Amino acid sequence: MTKKCTVIIHADSLDPNPHIKTFDLPYQAEDYASDRVADAVQWRVDHSPYSISEEELDQMYEEEWQLVHFVEN
C-alpha cells in the first residue's frame with residue numbers, strides 16, 4: 001500500500017490555521033508545494049515597489065520553503 005503525503009503550508013511562522021492538503025503520491029505533493037511557493041514568491045515580486053535582485057529572489061524562495069512541511073501518512 002502506498003503512503004499518502006500531506007503538505008502543510010503556513011502563511012507565516014505564526015499562522016494558527018495552515019493550508020493542509022493530502023495527496024496519494026509524494027510527487028503530487030511536491031509539485032503542489034512547488035507551485036504554491038512559486039505563486040507566493042511571484043506575488044511578492046509583483047507587489048514590490050523595488051526591483052528584486054537574484055540574491056533577494058533566492059532569499060524569498062528560501063523563506064517560503066521554510067513555511068512548507070511534508071508528512072507521510
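**Close-up 1. Salt bridges across the whole structure.** Searching the whole structure turns up five salt bridges, where the term stands for a side-chain nitrogen of Lys or Arg within 4 Å of a carboxyl oxygen of Asp or Glu. Please keep in mind that this is a predicted model, in which local features need pLDDT of at least 70, side-chain atom pairs count only at pLDDT 80 or more, and totals for chains, interfaces and linings use all residues. Residues are numbered from 1 along each chain as its sequence is written, and side-chain values use heavy atoms, with hydrogens and water left out.

**Close-up 2. The salt bridge of Lys4 and Asp24.** Here the two side chains meet at 2.9 Å, N to O. Lys4 sits in the segment before strand 1 (5-9) and Asp24 in the loop between strand 2 (19-23) and helix 1 (26-46), so this pair ties together parts that are 20 residues apart in sequence. Helices (H or I, at least four residues) and strands (E, at least two) are DSSP runs, numbered from the N terminus. Lys4 is partly exposed at 40% relative accessibility, and Asp24 is partly exposed at 46%. For these labels, buried means under 20% relative accessible area, exposed over 50%, and partly exposed in between (1.4 Å probe, protein chains only).

**Close-up 3. The network of Arg44, Glu63 and Glu64.** Glu63 forms a salt bridge with Arg44, with 2.9 Å between the closest N and O atoms. Glu63 belongs to helix 2 and Arg44 to helix 1, so the pair ties together parts that are 19 residues apart in sequence. Glu64 and Arg44 also meet in a salt bridge, at 3.2 Å from N to O. Because Glu64 lies in helix 2 and Arg44 in helix 1, this pair ties together parts 20 residues apart in sequence. Shared partners join Arg44, Glu63 and Glu64 into one network of salt bridges. Glu64 is buried, with a relative accessible area of 14%, while Glu63 is partly exposed at 30% and Arg44 is partly exposed at 26%.

**Close-up 4. Two surface patches, one nonpolar and one negative.** Tyr61, Trp65 and Phe70 make a nonpolar patch of about 270 Å². Patches consist of residues with over 30% relative accessible area and no salt bridge, joining like charges within 9 Å and nonpolar side chains (Val, Leu, Ile, Met, Phe, Trp, Tyr) within 5 Å. Phe70 lies in strand 3 (residues 68-72) and is partly exposed, with a relative accessible area of 38%. The negative patch is formed by Glu54, Glu55, Glu56, Asp58 and Glu62. Asp58 has its place in helix 2 (residues 54-65).

Terms used: Areas by Shrake-Rupley, 256 points an atom, 1.4 Å probe, with all protein chains shown as cover. Lys, Arg positive; Asp, Glu negative; His and termini not counted. Charge placed at Lys NZ, Arg CZ, Asp CG, Glu CD.
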